[in-house]
Structure formats: structure tokens, C-alpha cells
Amino acid sequence: MQNEIVSLSAENTDLKKIKDIENRIERHTEPYITLKNDSIDILYCSCCWDYEQKLIQVKSYDSGKFKCIHCVNEGTYDKAKHEEHLQRERAVFRSLSERNRRNHW
Ligand SMILES: [Zn+2]
């Protein structure tokens, strides 16, 4: 009986924590979440949260993409940044193929 009370009250504390986080969650069109009033705007995986109520910080790249190292969920957190990245990549590719052409002739 005592054990059951301890385990139920631990469960209750966990549920309160989850509820508390849930109230602070902000959803986005891409599969990541952020928390309201977070001073450093950490990005968390929405799949991990929805599936197991775990806040897993995603890895965000300079390309504007992010990836969860736990479940491999990925997406774009900044479309403008990603577009810039693609343009930079295309420019590099163009200058490389330009150089290759010159070397061939
Ligand atoms: Zn995840």
C-alpha cells in the first residue's frame, strides 16, 4: 500500500511536469518544437515529444536544416537560410564545373 502511494505520487509528479512543458510548447509547420519564454530558443524534436514525451534537442546546421540524433527526424528550421545555403552550393558547383571545363581544354 505504501509502495503504491509512493509510485502513484511519483507518477503524478511526472504527469505534472509533462503538463507544464506541454503548456509551453510552440508548434511549427516543420517537425520541431520550441518552448515559450526560452531565452536561448532551443529546438526540440516534435516526434520524440509526441511519441515518448521526451525533450530531445535537435542538431541544427548552418544550412537551415535540423536533425534529431535520437530518432533521425529531420527538416528545415529556417527556409531563408536553407535557400541561401542551396544558392551557395550551386555557386560552388558552377565554379567547379567551370574550372573542370577550363582544365579539359
Ligand atoms: Zn527525435
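This is a predicted model: local features need pLDDT of at least 70, side-chain atom pairs count only at pLDDT 80 or more; totals for chains, interfaces and linings use all residues.
User: What makes the phi of Asn37 stand out?

Analyst: Most residues other than glycine have a negative phi. Asn37 is not a glycine, yet its phi is positive, about 60 degrees.

User: Which loop holds Asp41, and what is its phi?

Analyst: Asp41 is in the loop between β2 and β3. Its phi is positive, about 50 degrees, although Asp41 is not a glycine.

User: How do you know whether Asp41 is buried or exposed?

Analyst: Count the C-beta neighbours inside 10 Å: Asp41 has 8. The cut-off for exposed is 12 or fewer. Asp41 therefore counts as exposed.

User: Why is Glu74 called partly exposed?

Analyst: A buried residue needs 20 or more neighbours, an exposed one has 12 or fewer, and partly exposed lies in between. Glu74 has 18 C-beta neighbours inside 10 Å, so Glu74 counts as partly exposed.

User: Where does Glu74 lie, and which residues does Glu74 contact beyond four places in sequence?

Analyst: Glu74 belongs to strand β6. Leaving aside neighbours within four places in sequence, Glu74 is in contact with Lys65, Phe66 and Lys67. As for Glu26, 48 residues separate it from Glu74 in sequence, and the C-alpha to C-alpha distance is 17 Å.

User: What makes β4 and β6 edge strands?

Analyst: Three strands form an open sheet in the order β4-β5-β6, with antiparallel pairing. β4 (59-60) and β6 (74-76) each pair on one side only, and they are the edge strands.

User: How do you know that β4 and β5 pair?

Analyst: Pairing needs at least two bridges. Two bridges join β4 to β5 (residues 65-67), and these strands run antiparallel. Ser60 has Phe66 of β5 as its bridge partner.

User: What makes up the largest nonpolar core?

Analyst: The largest nonpolar core has 10 residues, among them Tyr32, Ile33, Leu43, Val58 and Phe66. Cysteines are included too: Cys45, Cys47, Cys48 and Cys68. β2 (32-35), β3 (44-45) and α2 (46-52) each give two or more residues to this core. In soluble globular proteins, nonpolar side chains tend to be buried together.

User: Which residues does Cys47 touch, not counting those up to four places away in sequence?

Analyst: Cys47 touches Pro31, Cys68, Cys71 and Asn73. Of these, Cys68 is also one of the core residues.

Methods: Residues are numbered from 1 along each chain as its sequence is written. A nonpolar core is a set of buried Ala, Val, Leu, Ile, Met, Phe, Trp, Tyr and Cys residues joined through C-beta atoms within 7 Å. Helices (H or I, at least four residues) and strands (E, at least two) are DSSP runs, numbered from the N terminus. Two residues are in contact if their C-beta atoms, placed from the backbone, lie within 7 Å.
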